[in-house]
Each structure stands twice: as C-alpha cells, then as structure tokens.
Amino acid sequence: MITSSPRSHFDHQLSKLQDDLLLLASMVDKAIDRAVESLEQRDHAASERVIRDDLAINEKRFEIEQRALMLIATQQPMAGDLRVIASVIHIVTDLERMGDHAEGIAKINLLHGDQPLLKPLIDVPRMADLCRDMLRRSMDAFIARDAEAAKLIAAEDDQVDQLYDQVYHELVMFMISDPKTIERATWLLWTAHNLERIADRVTNICERVVFLVTGRMEEMNVSKY
C-alpha cells in the first residue's frame, strides 16, 4: 500500500487552505456587488440577503483561520511555508472586514426606508467596480506570488480615493444648499466611505503578497481618511 509522505500531506492541506481563501474572496466580491446593486435598486429583500450572507463570510473566515493555526501547531512549517500561512491568516481578516463593509452598505439601504435616494448613483458604482477588480486581481497576485502586480494594484487605490473625494464634495454641496438633505446625503457618504475602506483593505492584501514573496513588509498607499 502506498502512503503519502508527510510533505505531500502538508502540501495538500496548504493548497486546500489557499483554495478556501479564494472561495472567501469570491463570497466577498459577490457581497460587494449585491450590496451596491440593492442600494441602487432600493431592494430591501436583496439587502437583507446580503446581511444574512455575511454570517457565512464570518464563519468561513474563522474556519480558515483555525485550520491555518492548526497547520502551524502540528506541522512545524519552514520559513517559506510559514509566510504563506501567516499571509492567509491576515488576508482572511481583511476579507471578513470587507464583508462587513458590504453589509454596512446593505444596512444603509434599509435605513432609507421608503425614501428615495438623494440622487442617482454614478460614482458609487464606479468605486464598487474598481474595488471588486482590485480584489480579484490581488488574489490572482497572491496565487501567482507576483509582488510587482500587487504593488501596481495597491497604487490603484488612488483612483478610489479620487472618486470618494468627488462623492464627498458633491454631497456636501447638497447639504449646504438644502439642510433637509443632510440625512440622506450622510447615508450616501457612509456608502462611499465603506467602499473606500474596502479598497484600503485590498491594499493590505497587496502588502501581504509582497511580504509573502520578499519576506519584507512594505506599507503602501497610506490612506488620508
């Protein structure tokens, strides 16, 4: 009977850990998309689904984290493997927080009740599209161990910040011109801020990719918010 070696068993567990990391990233990507769409469409039922589904994101995060810690405790990984596991632990934390930001957007839709949006959403969906694209490519960079790609992706956070600035200034003008709009303007501002924070967390993932490849932590694109 042929039995697998301890190394092949470890490699299988490490591969499964990374597969589940990609699954969690996909869950978060969908949550961001659905949250913003539910706000655009003023779809309360869709927002409630996003809020419910965040529990699954939380559970997946803790499951991956537990398995990663178990690998460290039982397999005594070497330096390169340890960097992978440590990176996974940090990345799942950022992914779970992105899920929280998506949940926050869904809750903002519910806060509106029967009130219409203050204005049609233009820059907010653009922010969401940028965030989702950055997230997907950051995970590709992680799997490919591509530090240069990670640095380029992190630099794109500036585009999200610029859109946030546009949203902020536009909504402030609404508030100044008509104080009755302050509440609804504030809700949309919170929405944009949630997306801005998602982009920041993608930057954190990019920093982990660079750490994984080089063994050095480099702080990228420090947010001004």
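**Reading salt bridges and helices in a predicted model**

A search of the whole structure, which is a predicted model, finds 19 salt bridges.

Me: Which residue forms a salt bridge with Asp-20, and which parts of the chain does the pair link?

Reply: With any such pair, one looks at the distance between the charged atoms, and then at where each partner sits. The side chain of Asp-20 meets that of Lys-60 in a salt bridge, at 3.7 Å from N to O. This pair links distant parts of the chain, with Asp-20 in helix α1 (residues 6–41) and Lys-60 in helix α2 (residues 44–75), 40 residues apart. Both Asp-20 and Lys-60 are buried.

Me: Where do Arg-61 and Glu-96 lie, and are they buried or exposed?

Reply: The side chains of Arg-61 and Glu-96 meet in a salt bridge, with 3.2 Å from N to O. Arg-61 belongs to helix α2 and Glu-96 to helix α3 (residues 79–111), so this pair ties together parts that are 35 residues apart in sequence. For burial, the figure to read is the relative accessible area, and a residue counts as buried when that value is under 20%. Arg-61 has a relative accessible area of 11% and is therefore buried, and Glu-96, with 9%, is buried as well.

Me: Which residue forms a salt bridge with Asp-94, and which helices hold the two partners?

Reply: Asp-94 forms a salt bridge with Arg-201, and their closest N and O atoms are 3.1 Å apart. Asp-94 lies in helix α3 and Arg-201 in helix α7 (residues 182–214), so the pair ties together parts that are 107 residues apart in sequence. Asp-94 counts as buried at 9% relative accessibility, and Arg-201 is also buried, with a relative accessible area of 13%. Salt bridges may also share partners, and in this way Lys-16, Asp-20, Lys-60, Glu-63 and Arg-67 are joined into one network.

Me: How do the axes of α3 and α7 cross, and which classes of residue make up their contact?

Reply: For two helices, one reads the distance between the axes together with the crossing angle. The axes of α3 and α7 come within 9 Å and cross at roughly 170°, and because an angle over 145 degrees counts as roughly antiparallel, α3 and α7 are roughly antiparallel to each other. By class, their contact has 16 nonpolar, 7 polar and 6 charged residues.

Me: What span should α2 have at 1.5 Å a residue, and which of its residues are buried?

Reply: The 32 residues of α2 should span 46 Å at 1.5 Å a residue, and its end C-alpha atoms are 47 Å apart, which agrees. An α-helix has 3.6 residues a turn, so residues three or four places apart point the same way. With that in mind, one can look at the buried residues of α2, which include Val-50, Asp-54, Ile-57, Lys-60, Arg-61, Ile-64, Ala-68 and Leu-71.

Me: Which residue caps the N-terminal end of α2, and which residue takes a positive phi just after α2?

Reply: At a helix start, one looks for a side chain that reaches a backbone nitrogen, and here Asp-43 caps the N-terminal end of α2, with a side-chain oxygen 3.2 Å from the backbone nitrogen of Ala-45. Just after α2, Gln-76 takes a positive phi of about 45°.

Me: What do the span of α4 and the residue just after α4 show?

Reply: Helix α4 (residues 123–144) has 22 residues and reaches 31 Å from its first C-alpha to its last, close to the 32 Å expected. Just after α4, Arg-145 takes a positive phi of about 55°.

Methods. Residues are numbered from 1 along each chain as its sequence is written. This is a predicted model: local features need pLDDT of at least 70, side-chain atom pairs count only at pLDDT 80 or more; totals for chains, interfaces and linings use all residues. Side-chain values use heavy atoms; hydrogens and water are left out. A salt bridge is a side-chain nitrogen of Lys or Arg within 4 Å of a carboxyl oxygen of Asp or Glu. Helices (H or I, at least four residues) and strands (E, at least two) are DSSP runs, numbered from the N terminus. Buried means under 20% relative accessible area, exposed over 50%, partly exposed in between (1.4 Å probe, protein chains only). Axes are lines fitted to C-alpha atoms, for helices over the stretch in contact, and angles run from 0 to 180 degrees between N-to-C directions. Angles under 35 degrees count as roughly parallel, over 145 as roughly antiparallel, 65 to 115 as roughly perpendicular and the rest as oblique. Ala, Val, Leu, Ile, Met, Phe, Trp, Tyr, Cys and Pro count as nonpolar, Asp, Glu, Lys and Arg as charged, and the others, Gly among them, as polar. The expected span of a helix is 1.5 Å times one less than its number of residues. A polar contact is a pair of N or O atoms within 3.5 Å; within protein, one must be able to donate a hydrogen and the other to accept it, and residues adjacent in sequence count only if both atoms are side-chain atoms.
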